[in-house]
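Me: I have a new model open and want to learn how to read it. Can you take me through it feature by feature?

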Amino acid sequence: MALLVIQQRRLTIIQILVLALCFILSSSCISSSSSFNSVPTSVNSYLELEQYFNRVEQMNPNGQTKAFTAFVSCSFNEWKRNIDYLVGTFTLFQSIIENAKPAHALPSSNNDINTENQKETFNYNFILIMVPPKLDPSKGITEEKAVRKALQFISEVYRAKQNTPLEDKVRIFVSPYITNPTEGKHGSSSNTETRYIDTFNKLHIWNLDEFGYKKIIYFDADCFVLDTIQLELLFSCGHFCAVSDLVVTDYFNGGLMVIEPNHLTFNDMMKKVKDPAYLSYDGGEQGFINSYFDFRRNATFWRLEEELLQIENDPTLDRREKEEKKEALKLDYGNRKNVYRLPFKYNSQVPLFYVSKYAWYTKFKDNFVAIHMTLPIKPWSFVSFPMLDYSYLWYKYFRQINLYQFFPLDLALYNISLGLCCYLIFKIGIFVKLCNSFIGNDNWLQKSLEFKIYFFTLGKTNFESYSLIYCFTSLLLFTLPPILIVAINTTVVVFLFLLFLHFPTYDPHVVWNNMFVMITIFNTISFTIYNQFLQSLTLQFMRKQKMNEVEELREFLKLKASPLFIQKLILSPIGIIVGFNLLFLLFVVTYGQLTAHIAYLTVYSCVVLYFLLFHLLLPYSSQIIIRAVLNDNRPSHTKSVVSSPNNNNSSENELKELKESVV
């Protein structure tokens, strides 16, 4: 016996060590995600950081005059958000380079990519404007710490572009932090938008003329391009060009801006940024730039495309004359100092698709140049799949960047660790011991179980023998817990994934499946504890019953025991996960049908909730009690005799036998 106890203890220690190892591996999987590959580790100040990156030979080694630009803020306390927007930025760059001219076009498969060909054929640079964290000594954000955080972020940029067509195209422009004068508050209200606090740093795009750039097309990180051929036409835009905002149409939407960089314009902006006359109406840079260029009054519609089409359809011109006139017209438009309002197709804001699908398809059809995911749920969030259909267009380019990972190893390790915890709870049975020490002989727990068995299970009882409080505690102990366990665990896991465990580099479909697995494990652990508690309570109750009543109870409960209940309990998570994946397939097949998607989810959710509630959760406690009674195989002499609820005249001998049996 002693040898058996020692072996069991060794087994338990090994299990605990394996559990600890899983947690160590899962935590190290996150902490080791960044390495300073090709990043200068000797840089210790902002000045050194800017001097290292902001050089002409680094920013524009080929003497290009046109470039695409995006902006990322390296916030100190929002690392997850930094990586979110980095994923969006590189997906944007990938969409631009993949949808370039036929001579520049890239193969759709990763295996067919000819990196050297792509480097030679695409002639535009991608400028990534990166702003280090804002210094705040009161919060411990010193310059040295901020620089290290910036270098850590830059190392992620290097990893994202390594061995890809973007490797020699992406240039990092390190810019000093510009404080938002509105602190993110709307001009017409006191509401604060935290997402706008860092956006005034986008104004640094006007400083790119220092590196020889004369025309810049800026995109937000939540955009992606479908037609680079048409997009290149915007390099022939005027002084400032943008697309009308879908909500406030008089103003432009800052998701796409075409500008002529000029450091003098930037300096003038810095002088006027705090001027009440240029107050931002939305708390961000978009409102300020709208006021600065007076876009509402000064913007005229950009008609270059119409004039080029007229030249193309002119029968009096031959091909050479047409090309010459087109180039001259583009040059003329590019040199104009006008503010232009661009067609909607260059910044197609997705809410229109969900507000008026008819307008989306009939007006624009497939003639989109760039899509802007302006909804609060961004495409790099797994929540956007599969409901937001246009996330799948973004997903096509996301899968081709270096940051994309199919299998989330750290999430899998979390699930393995939780699964081992579940196994240990089964194996050790520590909760059984705690329950036995907690449950008394004649307390409210026993009375509540007695009421449950004789009323809900057997369907008979003498209400006069019980107070109303036992009816309530019976409901509280045996009906609500299974429902609360599922509801609370599901809510907790969803919040964990949304706030802590979600990483935008993973495939969203695999993240969804990992979340369902974690919900299943959480519920299994909780139901195991509840099962052990209820079994202990039932066995304590059985020890106090007469043998003839026990046998009568068993015979009756045999009729109520469901042999399929355990099978349902095991197969239900599997059925839910399989059904959810089939639902994914249905979403993909019916691409673009949001109404149908809502109908699918509603029907699927109702079926799952009905099955869980009426076939698993409500009968769960009764099934545990029934099986505990039927599986109680103790010898008859260990079952002491006491009176049933209706037999209140027990003899002193029976009470004595009860006390002896309990001892």
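Reply: Start with the inventory. The protein has 26 helices and eleven strands. Keep in mind that this is a predicted model.

Me: How much of the protein counts as buried?

Reply: Of its 663 residues, 49% count as buried. Look at contacts too. Among contacts with a separation of 6 or more, 79% are between residues 24 or more positions apart.

Me: Now the sheet. In what order do the eight strands of the open sheet run?

Reply: First the general idea. Strands of a sheet pair through backbone hydrogen bonds, either parallel or antiparallel. Here the order is β3-β2-β1-β4-β7-β6-β9-β8, and the pairing is mixed.

Me: Which are the edge strands?

Reply: They are β3 (170-174) and β8 (300-301). Each of these pairs on one side only.

Me: What does β2 pair with, and in which sense?

Reply: Strand β1 (residues 66-73) pairs with β2 in the parallel sense, over seven bridges. Phe68 stands opposite Phe126 in β2. β2 and β3 also pair in the parallel sense, over five bridges. There, Met130 stands opposite Val174 in β3.

Me: How many residues of strand β2 are buried?

Reply: Seven of the seven residues in β2 (residues 125-131) are buried. In β2, one side carries Asn125, Ile127, Ile129 and Val131. The other carries Phe126, Leu128 and Met130. Both faces are covered.

Me: What about β6 and β9? In which sense do they pair?

Reply: β6 pairs with strand β9 (residues 339-342) in the parallel sense, over four bridges.

Me: Which helix lies across β6 and β7?

Reply: That is α9. It runs at about 60° to β7.

Me: Next, two helices packed together. At what angle do α20 and α21 pack?

Reply: Read the angle, the axis distance and the handedness in turn. Helix α20 (residues 480-501) and helix α21 (residues 508-542) pack at about 140°. Their axes are 9 Å apart. The crossing is right-handed.

Me: Which residues of α20 and α21 meet?

Reply: From α20, they include Ile485, Val486, Val493, Leu496 and Phe497. From α21, they include Met515, Met518, Ile519, Phe522 and Phe527.

Me: Is α15 buried or exposed?

Reply: Count its residues. Six of the eight residues of helix α15 (residues 391-398) are buried, so the helix is largely enclosed by the rest of the structure. The buried ones are Ser391, Tyr392, Trp394, Tyr395, Tyr397 and Phe398.

Me: On to rings. How many aromatic pairs are there?

Reply: A search of the whole structure finds 31. A pair of aromatic rings is described by the distance of the centres and the angle of the planes. Take Tyr251 and Tyr281: the centres are 4.5 Å apart and the planes are 25° apart, and the pair is stacked.

Me: Where do Tyr251 and Tyr281 lie?

Reply: Tyr251 is in the loop between β6 (240-244) and β7 (252-259), and Tyr281 is in the loop between α8 (263-272) and α9 (285-292). The pair therefore ties together parts that are 30 residues apart in sequence. Tyr251 counts as buried, at 18% relative accessibility. Tyr281 is partly exposed, at 25%.

Me: Which rings are linked into a cluster?

Reply: Ring pairs link Phe200, Trp206, Phe240, Phe252, Tyr278, Phe288, Tyr292, Phe293 and Phe295.

Me: Where does a charge sit over a ring?

Reply: Look at Arg55, which lies over the face of Tyr52, 5.3 Å from the ring centre. Then see Lys161: its charged end sits over the ring of Tyr158, 5.0 Å from the centre.

Me: Last, the backbone. Which residues have a positive phi without being glycine?

Reply: Asn163 is one of them, with phi of about 55°. Asn163 lies in the loop between α6 (143-161) and β3. Its relative accessible area is 59%, so Asn163 is exposed. Asp294 is another, with phi near 45°. Asp294 lies in the loop between α9 and α10 (295-298). Asp294 is partly exposed, with a relative accessible area of 25%.

Technical notes:
Residues numbered from 1 in each chain as written. Predicted model: local features only at pLDDT ≥ 70, side-chain atom pairs only at ≥ 80, totals over all residues. Heavy atoms only, no water. Phe/Tyr/Trp six-rings, centres within 6.5 Å; stacked < 30°, edge-to-face > 60°. Buried < 20%, exposed > 50% of the residue type's maximum accessible area, 1.4 Å probe, protein only. Lys NZ or Arg CZ within 6 Å of the ring centre and 35° of its normal. Pairing = 2+ DSSP bridges. Contact = heavy atoms within 4.5 Å. Axes fitted to C-alpha atoms, helices over the stretch in contact; angles between N-to-C directions. Left-handed = near helix turned anticlockwise from the far one by under 90°.
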